Amino acid sequence: MRNETVKEILIVVLELDPGTPMDQVSSENIALWDSMRQLSIVTALESEFGLFIDAAEAVTLTSYNNIINFLESHPEVG
Amino acid sequence: MGIIALKGLNVMSLSFLEASKIVVADNNLPTEDFVLAASGQTEKLALFIKAASIQQGFNSSYKTLPFNTLQQYVVSPATTDAHHIFLLFPWDVLPDMDWRSGVTTSEINEGAVFQAIDDFIEKLARFSSKSLLYIPAPAAPVTCNYHFSMALVHHLQASFFKAGATVLPADFFSLASYLSSGSPFAGKFLSPLADAVVSALPRHSTAPKKVLVTDFDNVMWRGVVGEDGVDAIQCSNESAGYIHYIYQSYLLKLKSQGVLIAGVTRNDHEDALLPFRQGVTLFKEHDFVSLQASYQSKSAQIKALCSNLNISMDSIVFVDDNLLELEEVRQALPAVECRMFPGRSEDAPGFFAFLQQQFNFIQITNEDRQRTEFYKTRFKATEISYLPGADITDYLRSLEMVLTVTKCDASNYSRPLQLINKANQFNLNGVRVGEDQMRDLIASGAALYSYSLADKFGDHGQICSIIVSEQGVVSHFVISCRVFQRKVEYAVLLLLADAISADTLMFDYYKTDKNIPFQMFISEAGFSLSDDELLLDLEPFVNKNRAYLELFNIDGALLPLSEGS
């Protein structure tokens, strides 16, 4: 469920094709992933999961896998 | 849509993905233009503002200011007549409080700081069409004097209140977001913040309300006067009804400010007035501009009130303790502002703050003070014509009601008999039954059925008792006034109809001074009443009302007579 939500956020914010393999989605290979979209992704994660994401953490959230790892390290996220 | 807890209040909140879905859909809604004037980055809010405005029936189109230019904007000549929504933080008034600037080493002049606050608010006055939203976020320390810092924080907030601002929760600010992106808004609260922005548009501004319409039982006093009697109700400052005493004293305050107070109750007229006439209440009968006591729907009574006083629906605030009454009025009269009377004292401060916002008078004139007397001279008591209330069937369905049927024996007579011996209003005949008598009735083949009700908000306990003789005659039938309007009376008779083989149900009916709700039910449900008997022809009754049974999940024995006969 959590992974599906992250996937849906990235599809909406980065305007991805729903069939895009998520393992390969990162700021390095998605041209649209600029600082503004990064801000939207962090906003969406805070909103969907009720989190406060610190600046130091926000800059590490640059790929689908990083985001999943980050959420796994936050037990309050269901 | 989820619910988030914010300062003790539950606030409806859209998530990012929910907001995205609302915004994607095409619509033909009108567009409203405005300027969102804030010093920080507002891009994070954009999606939520769009979604909130669509939910409120329009598309928003707004301009924003370049980052950190609010101070210049406030002093430069106006370039647009558009409505301005100022979304302000402490550092917009006093830049030294801005976290992004670090802590200033310069000395702070206390007098100059307070003057700067006044000057800033004065500059805002030149924007003719504006709304002020203030977020009292924690600010960077500008002085080592803790007490002065606190005074400054409170002075800022007080100044914005005086200027008519809506002060939002400090939780809407996120320092992490502000430092990393220049956007001061907490991602978790973007939805309620966007709602506050959209609600600040002039289309939502309304004049202060003029009339407070109040229910009586469990609002003006604790208890139900028609059931418990006037001696049992409580509304003094030395009783469990303390909160009702405070409410009545607040009504007197509102009346002194020119607010018209009207009473509306589904009750017997004489019963409803007894507490006032016997001196139990602080608020007196003559303090009301009008009193409507009848068993008609609340919406019909409020309509009659509006017509008599020649006032519009949107000038009314309606207070009741019953969710169903509030929903009925909300559906029939959407312009009326409805509010639940607090069930717990802890919720009272929020309730009174709400009333203060609704009756928000800046100045009070002598005319205001005399308004009740003025309107009373115009008010003509008229009969309320019978108007059916709003159809709240969908709302009833949403309550997920569970009706539990229990066939009682000597081990569990007590509560059902209490109900029979207490209920006055929905009561077949007012005849009371003692435990010994009940034992004899059971021995003669009669059955006592007790019905409990629960819904998604909680358990209402045992709310209906019926005694049926072996011959199928209903000798006792009472329902607690707490669950009127829920169609329980139909459901229990439909269950009885399912359980017996007869074509007709007979009732030992007597008209009493107080069983008017039951008399109304007889006429509404199609009973036939002759001199000595009350009959219900089951086939047409079932055909017409079967759908009411679908409002309930039924739990327990459905066959009242099969076991006893």
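## How confident is the prediction?

Let's begin with the scores. For the complex, the predictor gives an ipTM of 0.88 and a pTM of 0.64. Within chain B, the average pLDDT is 87, and 92% of the residues score at least 70.

Two stretches of chain B call for care. Residues 5–10 have a pLDDT below 50, with 8 contacts in the model beyond near neighbours in sequence. Over residues 560–565, pLDDT also stays under 50, and here the model has 17 contacts beyond four places in sequence.

## Chain B as a whole

Chain B has 565 residues, and 38% of them are buried. Its secondary structure consists of 22 helices and 21 strands. How do its contacts span the sequence? Among contacts between residues at least 6 apart in sequence, 74% join residues at least 24 apart.

## An open sheet in chain B

Now find the open sheet of 5 strands in chain B, which runs in the order β4-β3-β5-β6-β7 with parallel pairing. Which strands stand at the edges? They are β4 (59–64) and β7 (166–167); each has a single partner strand, so one side of each lacks a neighbour in the sheet.

As a reminder, strands of a sheet pair through backbone hydrogen bonds, either parallel or antiparallel. Here, β6 (residues 130–134) of chain B pairs with β7(B) in the parallel sense over 2 bridges. Look for Tyr134(B), which stands opposite Val167(B) in β7(B).

Helix α2 of chain B covers residues 43–55. Its buried residues include Leu45(B), Leu47(B), Phe48(B) and Ile49(B), and also Lys44(B) and Lys50(B).

What do the buried residues of α2(B) pack against? Within chain B, their partners are α1 (16–24), β4 and α8 (190–199), and they also pack against α2 of chain A. Just after α2(B), Gly57(B) takes a positive phi of about 95 degrees.

## Where the two chains meet

Between the chains, 18 residues of chain A are in contact with 16 residues of chain B. On the chain A side, α1 (2–14), α2 (35–49) and α3 (55–58) each supply at least two residues. The largest share, 8 residues, comes from α2(A). By type, the residues on this side of chain A divide into 11 nonpolar, 3 polar and 4 charged.

Notes
Residues numbered from 1 in each chain as written. Chains lettered and ligands numbered in written order. Predicted model: local features only at pLDDT ≥ 70, side-chain atom pairs only at ≥ 80, totals over all residues. Pairing = 2+ DSSP bridges. Helix = DSSP H or I, 4+ residues; strand = E, 2+ residues; numbered from the N terminus. Contact = placed C-beta atoms within 7 Å. Nonpolar A, V, L, I, M, F, W, Y, C, P; charged D, E, K, R; others polar. Buried ≥ 20, exposed ≤ 12 C-beta atoms within 10 Å, placed from the backbone. pLDDT = per-residue confidence, 0-100.
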